[in-house]
Each structure stands twice: as structure tokens, then as C-alpha cells.
Amino acid sequence: MCGIAGIVSYKNVNTLLYEALTVLQHRGQDAAGIATCHHRHFHLRKANGLVRDVFFARHMERLQGDVGIGHVRYPTAGSLDVAEAQPFYTNSPYGIVLAHNGNLINAHELRQRLLYEERRHLNTESDSEILLNVIAYELQMQNIQGGLSADNIFRAIETVHQRCTGGYAAVGMIIGYGLFAFRDPFGIRPLVLGRRNTERGEEYMVASESVALDCAGFELVRDVAPGEAVYIDQNKQLHIQQCAQKTQLSPCLFEYVYMARPDSVMDGVSVYDARVSMGKILADKIQREWFDKQIDVVMPIPDSSRSSALELAHCLNIPYREGFVKNRYIGRTFIMPAQKIRHSAVRRKLNTINAEFQGKNILIVDDSVVRGTTCKQIIEIARESGANKVYFCSAAPAVRYPNVYGIDMPVADELIAHKRTHEEVCEYMKADGLIYQDLDALTQELMKKQHLITQFDSSVFDGHYVTGNINADYLDKLAQKRADGMKTTHNNDEDTLYCDRT
């Protein structure tokens, strides 16, 4: 899971990219990077850490250029070494930088072909670097005379879709030519296009979420369609072309549940509106199944479940209370890189207002239940604060299967609902009752909001992988590669991290 942004402007884009990455910080907390292009030179700064800790005045001064891309990273596999921070760079056959959000299912096969048949050099284990080199190779194979055209770039991206399988959204720059961006043929990972008018002409921006456009002053034009590519040339001219032969809009359902900011709009659906609907649907289920339970207050786990909890409380006509207080300086525990860190962060992240718990039957609402350990701790905290009974509900369906498209839910055995009954999960969490969202009801409700969506990537809930080619052997290998113990940190010294490529 990552966040990407790219801007073509008539002014220096460094500050705009910094602001865009700041509002996309929720998509990745481990590393950040910005690359700009100025007078046919790339300037690149990337390092481990939050956006605010990576870029200082001296870095921003060097990041000159009216074209640039940015990235925030959360690694789903491999090393936490800064070498795998993005954007990535290659100088053959052109100077190209690229940032990527997602995961390539056939990365191993692509790597072998690049190394041994196409003689491309790879410095890291990242599939983002693989994607960069596939594009570079396909441009090289066109034997272009007289300079790149939009057709050349679209032809290369067309071949990328033919060769690469998975969920991906990418943005890149080519020295002397401009900025390009594209989205996988299923539209699993999000990508939006924005525009703003200036006295000198139109400027363009692409990003993972519409909220990044808002903060930079760009108007949302539309989502980039599945399989579509966008190219803004050095004259600030916009070119758009469908580059995949077969497409099917299947956005990731978990984006609406947890990943995206509530003020974003993705594929025509407001994330906030989707989460309000989750609360309404869940309230209907509670009224049917828990009509005999006495619930005194509804209480969210801040922040992403608040929208659902408010609507749920309204529909049930039960008082809504804020009993948990969040320390906003602790990162999102779901995307922390190790189970021990996630576990210790919960108590540092949440404190309680004891008066809201004492002697009451509490209904706690969370956006989802993934590993279950955080929810178990939260229930313990509620009881310690004086709750009489603690009921727990998830605004999302039960997460039972690993994600292979760029979200770190790789190891099935770490998922509390995997191969466990509803009763077993409830017993593990030590809740007085547990209820999940209905998947069918949720997807049907969200599809009413956007007629172009006829299916979602809901693989973490139902085990159906829209791209196909996912079997038990692949999942076993992925589990080994993505285990917490495999994620190690190496070089993190600023003197060696700083990279200003010219």
C-alpha cells in the first residue's frame, strides 16, 4: 500500500508535491520520496520516515522543476531499506523515474525475463523497479527515431498491461518529454486526474486520492479508467488513451472500508458516504439479530469507524459517545511493520474517558477486524474502564483471505477470521457479542452509488481474486516472503540516504 502523486505546472512543483504527500501520509508511513525534472536533469530526494521528517529546506531548494512525482511507502514485502524507497530511476534508454502503488503477482517471472533475456539491471527486490524496467525495455524495443511521441509511450504501456498481472497504479517522468500515469486493467488500485486553470494555461495532477488534488488546488476531472494511460507532454498538452484490450472496473473494497481518507471520492463514490452506508446496513442487521440485547451506548474506535458508528447509533436510536481518545502522534497500527510494534502501540494510541464506560453495556464499532489482537486489547481496555458488557461490531465483513494487490494482509494464519467460526472469533476477543457486516448487502449498496461498478475486488472477504492465477502455492510463497520477520531495516543514515540525481 502506497500513495502516489504527479504534477505538471508552470511553476516549481516541490511544495505542491510535499503537501500532496502529507495528505496521503495515511497510505504509507515508512518512507517518502520526491523527484523533479528541471532543465533536463532529475533531482531526487527519498528516505525512510514520515514526509515531515524526510524533507527539509535544503532538500526542497534542490528539488527544482515544473514537473515532478512523489511517493509515500508502506512495504508489503521485503526490506525496509531506504534503497527500496521510491521513486526509482533508470537512464536507459531514457532518463525515467517511476513511483508505484500496488503489487505485481507475476513479479518473479518478470524479474527472470528482465535479468536473463532482456539484460536489464535491477538493484532491489521491489516490483516497482520491475515495472519501471518493463516500461524502459518496451520503449527501447520500439527503436524510436526522432524523439518520443504519445503513441510511443502508450504503446509501451499497452505492453505493460499484457506482461504484468496484479493491481497497480503508477506515475512517472521521462526527461525532456513529460509525465505519464496509468492504472491496471481492473482498476484495483485508485488513480485520479485533476486540472486547474492558470493565466499561462492548464496544469495537471494525478494522485492516488482526490483529497491530494483538493489540497493542491486542483479540480477533480475524473478517475483514470481501468487500463487507461495519461500523458502530459513538455508543452503541457494532455493525451489520454485506453491501453488495455480487456478491462473491468473492480475497485478495492477495502479502500472504502479503511484505506482511503473519508474526504476522498474514488470511482465516483464518496468514501464518507460509503462509510455512512456501512453504518446503516450494519444497524439493520443488529436490529434483526440482536433485538434482545440491551445496548446503552454506541462507541467508535477513532478515527476511520466514526462515520459508520454515528449513522449506526442514529438508526438504532441509541446514544453515541466518544469513549476512546486517540493519540494522533501514533501511526496507524494496522500498517505498522511488526506484530510486536502493533501490539505495544495500541495502549499508547488509545486512552479512555472512564465515565462513559462505567456500568454500561457498550457497543464498540470498528472499521474492520483483521488480526484481532488490537480488537481484543480494546475490549480489555473497555472492561478495565468499567464497562458492564462489551459488544463488538465490524463495519466490514470478516477478513478471511490474504490480499495480493498491495495491502499488507498476506499471511492467512494471521487473520483472526481465517478458518475460524464466528463463535471462535468472539471467544478469542472475549466479547459479549460480535457481529460482522454482510458482504452482499454492502457491495449492492455501494454499486447503487455508481452504476459503472458492477463488481469490487473483495478478495480479502470472499477469496475471489479478480485477476485470476492465484493458487495455494502462490499464497504460501507470498506468506513466507511477507512475514513480519522478513521485513528488516538496513541503511538509514541521512548522509548516505540523500540522493540528488542530475
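The structure holds 27 salt bridges, where a salt bridge is a side-chain nitrogen of Lys or Arg within 4 Å of a carboxyl oxygen of Asp or Glu. This is a predicted model, in which local features need pLDDT of at least 70 and side-chain atom pairs count only at pLDDT 80 or more, while totals for chains, interfaces and linings use all residues. Residues are numbered from 1 along each chain as its sequence is written, and side-chain values use heavy atoms, with hydrogens and water left out.

- Side chains of opposite charge can pair when their charged atoms come close.
- Take Arg 27 and Glu 255, whose side chains meet in a salt bridge at 2.7 Å, N to O. That pair links distant parts of the chain, 228 residues apart: Arg 27 is in the loop between helix H1 (14-23) and E2, and Glu 255 is in helix H8 (residues 253-259). (Helices, H or I with at least four residues, and strands, E with at least two, are DSSP runs numbered from the N terminus.)
- Both Arg 27 and Glu 255 are buried; buried means under 20% relative accessible area, exposed over 50%, and partly exposed in between, using a 1.4 Å probe and protein chains only.
- Arg 27 and Glu 255 also belong to a network of salt bridges that links them with Arg 189 and Glu 209.
- Lys 236 and Asp 66 form another side-chain salt bridge, at 3.4 Å, N to O. Here the partners are 170 residues apart, with Lys 236 in the loop between strand E12 (228-233) and strand E13 (238-242), and Asp 66 in the loop between helix H3 (57-62) and E4.
- Lys 236 has a relative accessible area of 11%, so it is buried, whereas Asp 66, at 29%, counts as partly exposed.

**The seven-strand sheet**

- Seven strands make an open sheet, ordered E3-E2-E4-E1-E10-E9-E11, with antiparallel pairing; two strands pair if DSSP finds at least two bridges between them.
- Strand E3 (41-48) and strand E11 (219-223) are at the edges with a single partner strand each, so one side of each has no neighbour in the sheet.
- Within this sheet, strand E2 (residues 31-38) pairs with strand E4 (residues 67-73) in the antiparallel sense over seven bridges. Thr 36 stands opposite Gly 68 in E4.

**Helix H5**

- Just after H5, Asn 143 takes a positive phi of about 50°.

**Nonpolar cores**

- The largest nonpolar core has 41 residues, and Phe 254, Tyr 256, Val 404, Met 409 and Phe 461 have the most contacts inside it. (A nonpolar core is a set of buried Ala, Val, Leu, Ile, Met, Phe, Trp, Tyr and Cys residues joined through side-chain atoms within 4.5 Å.)
- H8 gives the most to this core, with six residues.
- A second, separate core of 34 residues includes Leu 122, Leu 131, Leu 139 and Ile 157.
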